[in-house]
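Open your viewer and get the selection tool ready. We will go through this structure one stop at a time.

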Amino acid sequence: MQSLNIIVVGAGIGGLQASLALAKDGHRVTVLESAKAFEESSQVGAGIRVPPNSHKLSTSWGVDFSKVKKDVSMGNRFVDWKGKMLLSLDFSDVEKRYGAPYYFLHRADLIKLLVDTAQENERITIRMGSRVEKYDFETPAVTLVGGEVVKGDLIVCADGIKSAIRDEINGRPLPPQDTGDVAYRILVPAQPLLDDPEMAHLVKNPWAMHWMGPEGHAVGYPLRGGELYNIIIDVTHASDCGEPLADEGQIWKSARSNSELVQRFHDWCPEVRKLCAMTGEYLKWKLADFDQLDHWVTPNGTAALLGDSCHPM
Ligand SMILES: Cc1cc2nc3c(=O)[nH]c(=O)nc-3n(C[C@H](O)[C@H](O)[C@H](O)COP(=O)(O)OP(=O)(O)OC[C@H]3O[C@@H](n4cnc5c(N)ncnc54)[C@H](O)[C@@H]3O)c2cc1C
């Protein structure tokens with residue numbers, strides 16, 4: 001197979017994984033990331049679930065999960081907002097059935113692992129502080145802020161949900177649209193949970209807990225081998241407490257104190273109430289989506305969209 005010079009725009013999970021996969025196939029990859037350092041680009045929420053399919057692909061591209069602290073998921077539990085068990089999906093046979101375990105990871109740890117793996121690969125160059133301003137799909141090439149032109153054989157646009165190039169590739173505006181939901185991303189130390197007999201099981205038995213209630217649900221699981229507990233709460237805008245996130249413009253996140261949270265969940269089961277009370281300042285995120293795309297690839301085949309730029313969760 002011909003070895004290509006490939007430009008990857010964006011060093012999120014998508015861009016980094018694509019770089020590793022392309023390098024594995026013998027291509028040379030230049031990753032252009034607008035953030036100056038990885039701390040800036042890895043703050044999007046604390047926990048991430050890595051199921052066996054992602055695990056197996058990542059491993060085949062050289063990612064070694066033994067280098068990070070993680071928790072092996074025991075399964076998914078769905079509980080109603082008053083604490084009644086609705087469904088328990090046991091994952092004890094997952095590794096046997098699918099060939100890899102199901103992990104809970106800290107997002108920053110996953111990004112660091114991917115970056116370290118990419119930096120050890122002589123076929124991959126990561127350039128931070130390199131914001132792509134213009135695309136030329138004929139050459140193909142990209143122009144960075146400051147005017148530098150970077151040429152390649154192929155461009156992978158992994159620039160996230162606010163992709164600057166999705167519209168051009170599709171010939172119509174495809175702005176992110178508000179789903180009507182807000183996500184609260186919360187991380188608390190696990191020790192206070194371990195000290196509370198009613199809460200300790202959440203850390204000791206790493207199930208992904210899902211508390212389902214009116215106009216919202218909460219998900220919780222431990223991170224870093226039981227050092228931290230990750231909580232994601234999704235609620236509808238209509239049932240959100242406090243000042244709403246702006247509907248328009250660039251306001252996608254905002255820091256809040258836990259008083260809104262305690263008020264919003266005051267009549268939920270003790271586990272959710274206690275998790276809310278343990279929360280300090282946390283971030284609210286607007287959740288967004290967009291119409292299904294007509295095109296993921298340019299007509300001449302020199303550029304392709306990847307990840308949240310074309311299929312956000
Ligand atoms: C609440 C929530 C929970 C989730 N949980 C999970 C989960 O458990 N498991 C899972 O697999 N997925 C999960 N996801 C989805 C997953 O987080 C995303 O799909 C993934 O992070 C997207 O990665 P990406 O690389 O496509 O985009 P991003 O992470 O957005 O990366 C885009 C990168 O491009 C850079 N960039 C943007 N524009 C430019 C430019 N012009 N020039 C250079 N660089 C640029 C940005 O700085 C950024 O680093 C979740 C998502 C949400 C919202």
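A polar contact here is a pair of N or O atoms within 3.5 Å; within protein, one must be able to donate a hydrogen and the other to accept it, and residues adjacent in sequence count only if both atoms are side-chain atoms. Before you start clicking, note that this is a predicted model, in which local features need pLDDT of at least 70, side-chain atom pairs count only at pLDDT 80 or more, and totals for chains, interfaces and linings use all residues. Residues are numbered from 1 along each chain as its sequence is written, and side-chain values use heavy atoms, with hydrogens and water left out.

**Stop 1**

Select E33 together with the ligand: a side-chain N or O atom of E33 is 2.6 Å from a ligand oxygen atom. Then pick V132, which places a backbone N or O atom 3.0 Å from a ligand nitrogen atom. On its own the ligand has 1,000 Å² of accessible area, and the protein covers 76% of that (Shrake-Rupley method, 1.4 Å probe; for residues, only the protein chains shown count as cover).

**Stop 2: the shell**

Now show the 24 residues around the ligand, of which G14, E33, R49, R107 and D308 come nearest (a residue is near a molecule or strand if one of its heavy atoms lies within 4 Å of it). Which element gives the most to this shell? Colour α1 to find out: it supplies 3 residues. Both α1 (13-24) and β3 (47-50) supply at least two (helices are DSSP runs of H or I with at least four residues, strands runs of E with at least two, numbered from the N terminus).

**Stop 3: two domains**

Colour domain 1 (5-73 + 104-173 + 292-309) and domain 2 (177-289) separately; the bounds come from an automatic or database domain assignment. Their centres, taken over C-alpha atoms, are 28 Å apart. About 1,600 Å² is buried between them, with carbon and sulfur atoms giving 56% (buried area is the accessible area, 1.4 Å probe, that two parts lose on being put together, summed over both). On the domain 1 side, select R49, D71 and F104, which lose the most area to domain 2, together 31% of what that side buries.

**Stop 4: two loops**

Finish with P140, in the loop between β9 (132-136) and β10 (141-144). A cis peptide bond joins T139 to P140, with omega about -15°.
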